[in-house]
Amino acid sequence: MPRVSMKVNGKPMAAEAEGRTLLSAYLREGLGLTGTHVGCDTSQCGACVVLVDGAAVKACTAFAADLDGAEVTTIEGMANADGSLGRIQQAFQDYHGLQCGFCTPGMVMSTAALLAENPKPTEDEVRHYLEGNICRCTGYQNIVRAVMAASGQDTTALAAE
Amino acid sequence: MHNFEFVKPSTVADAVQALAAEEAQPLSGGQTLIPSMKARLNAPEVLVSLMGIAEMQGIRHEGDMLEVGAATTHARVATEAAAAFPGLAGLAAQIGDPAVRNRGTLGGSLANNDPSACYPAAALGTGAVIVTNAREIAADDFFLGMFTTALDEDEIITSVRFPIPQKSAYGKFLQPASRFALTGVFVAKYADGVRVAVTGASENGVFRWSEAEAALASDFSAEALSGLSCPADDMIADLHGSAAYRAHLVAVMTRRAVVAAS
């Protein structure tokens, strides 16, 4: 089986991968990084979103071999160096942006991609950007709040639906 | 998913050679092909990735023509075509969701010719030229019905040349679960006429609405379309909408696109 190498969360890593090995399986089974969740496995829910060369990608809908040499950031790379929660993660905790937590890795990674592109998004822009990330618990309100807080913006003005 | 041999050539010539293998299939962004392989609707023996071919990437603006490499992602078109051809960039920005746009490509979308995909409306609505490794195909001759195109076996789209219109816009009625167009209409106004291409509505895939084109050619305004309706005979009917509903949407989305383009 060919070996596929990637720089994952800043560290060079390698594991064997068949042609059909998805990026999600490569990360979870090949590298043991099980923070990337596989929700629907049909490209719809966004739980498996990771950053590939800085762009949000559904890890269940890309082959590992196609991304040989890529730089990947997963939820494991979002904490601070001392192990404390990163800025986005902390905002999700502070604003109760999760309930069961299954979709949260994808939500956090999509938020990271959004804030890299657009550091101060409006509420509409947040909702629009996260439309590929499905959450079945929260009703999204506190997720939007958490993203606004992570971008350093006041959340009191958000509609209290 | 059945296993396969994965190859990633760096030139079009090498890709064409790799595709000559038995049961070989090209892979672009994979946002449709990978889910269909998981569902075992597709089971290639060899998968030839087109994502490592530099000559199929990027956007070139020359006079009133925009040439987009077939392996260019929707996200890239949405940002890099915005100045030269905002109607196309606006359409690309509405495909799927951000993660899909970061992988999905123009060439993959056109070659698949999903009856509800967005890009076929832009290609047909501009009279684009589909450039392959072997020839150039006019958009009017390219789309041959649902999931069917003029491409031969092993023929690869390498780029698409879009004539840049004076005004254009895409009106999309979103099917919110799939994020495909329940019905989408691309309207483009040129010095010598108007083109109107409809996706998501017909059983035969993307088509031109010639009555609307004629009405808009003499008066490019939403009012020029009043009283015009699109026949529902060949429209898709499913749980998301009846044929009559889609026919109605065609007229509504055409008017919205004209207003957005004005």
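A salt bridge is a side-chain nitrogen of Lys or Arg within 4 Å of a carboxyl oxygen of Asp or Glu. This is a predicted model, in which local features need pLDDT of at least 70 and side-chain atom pairs count only at pLDDT 80 or more, while totals for chains, interfaces and linings use all residues. Residues are numbered from 1 along each chain as its sequence is written, chains are lettered from A and ligands numbered from 1 in the order in which they are written, and side-chain values use heavy atoms, with hydrogens and water left out.

Within chain A, the domain assignment (bounds come from an automatic or database assignment) gives domain 1, residues 3-77, and domain 2, residues 87-150. His37(A), Val49(A) and Ile75(A) supply 41% of the area that domain 1 buries against domain 2, more than any other three residues.

Turning to the two chains, 23 residues of chain A are in contact with 28 residues of chain B, and together the chains bury about 2000 Å², 55% of it on carbon and sulfur atoms. Arg20(A), Phe63(A) and Asp66(A) supply 32% of the area that chain A buries here, more than any other three residues. Between chain A and chain B the count is five salt bridges, and the side chains of Lys58(A) and Asp97(B) meet in a salt bridge at 2.6 Å, N to O.

Terms used: Contact means heavy atoms within 4.5 Å. Buried area is the accessible area (1.4 Å probe) that two parts lose on being put together, summed over both.
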